[in-house]
Amino acid sequence: SKRKRKQKQFVGFVSQKKQSHLRVPLKEILFIQADGNYSTIYTASHKFIYSVVLKKVQDQLPSSIFLRTHRSYLVNINSVTGFEGNILFVGTHKIL
């Protein structure tokens with residue numbers, strides 16, 4: 001029998017300046033926003049800024065859960081609470 005491939009539960013981020021490592025549970029990530037060479041990871045209670053381009057973050061995440069909705073946003077589809085026109089509601093945030 002074939003074994004089911006276990007879905008990744010966490011994603012790791014390494015801060016280049018602070019030499020710190022952060023493991024974030026995938027289900028806690030609402031969305032990730034790009035700002036040049038930086039990416040900001042938003043959870044319900046925190047936001048973390050890392051010196052990494054969004055494409056590299058996207059490559060670490062399962063495409064079945066995280067969708068690139070715009071060149072600057074990567075959204076956890078399980079966190080979407082609604083939409084209106086071209087505005088996406090993710091938790092308490094509005095993504096244009």
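Student: Hi! What order do the strands take in the open sheet of 5 strands?
Tutor: In this predicted model, the order is β5-β4-β3-β7-β6, and the pairing is antiparallel.

Student: Which strands are the edge strands there?
Tutor: Those are β5, covering 47-50, and β6, covering 66-70. Each of them pairs on one side only.

Student: And by how many degrees are neighbouring strands turned against each other on average?
Tutor: The average is 20 degrees in this sheet, with direction ignored.

Student: Let's zoom in on β3 and β7. How many bridges do they pair over?
Tutor: They pair over 3 bridges, in the antiparallel sense. Strand β3 spans residues 29-35, while β7 spans residues 73-76.

Student: Which residue in β7 is the bridge partner of Gln 33?
Tutor: That would be Tyr 73.

Student: Okay, what about Ser 72, where is it found?
Tutor: Ser 72 lies in the loop that links β6 and β7.

Student: Is Ser 72 buried or exposed?
Tutor: Buried: its relative accessible area is 14%, and the cut-off for buried is under 20%.

Student: Which residues does Ser 72 touch, leaving out those up to four places away in sequence?
Tutor: Ser 72 has contacts with Ile 32, Gln 33, Ala 34 and Leu 54.

Student: Switching topic: how many salt bridges does the structure hold?
Tutor: It holds 1. The side chains of Asp 59 and Lys 55 meet in it, at 2.9 Å from N to O.

Student: How far apart are Asp 59 and Lys 55 in helix α1?
Tutor: They sit 4 residues apart in α1, which runs over residues 54-60, so about one helical turn separates them. In general, side chains of opposite charge can pair when their charged atoms come close.

Student: And is Asp 59 buried or exposed?
Tutor: Asp 59 is exposed, at 54% relative accessible area.

Student: How many bridges join β9 to β10?
Tutor: There are 3, and the two strands run antiparallel, with β9 made up of residues 87-90. As one of the pairs, Phe 89 has Lys 94 in β10 as its bridge partner.

Terms used:
Residues numbered from 1 in each chain as written. Predicted model: local features only at pLDDT ≥ 70, side-chain atom pairs only at ≥ 80, totals over all residues. Heavy atoms only, no water. Salt bridge = Lys/Arg side-chain N within 4 Å of Asp/Glu carboxyl O. Buried < 20%, exposed > 50% of the residue type's maximum accessible area, 1.4 Å probe, protein only. Pairing = 2+ DSSP bridges. Axes fitted to C-alpha atoms, helices over the stretch in contact; angles between N-to-C directions. Contact = heavy atoms within 4.5 Å.
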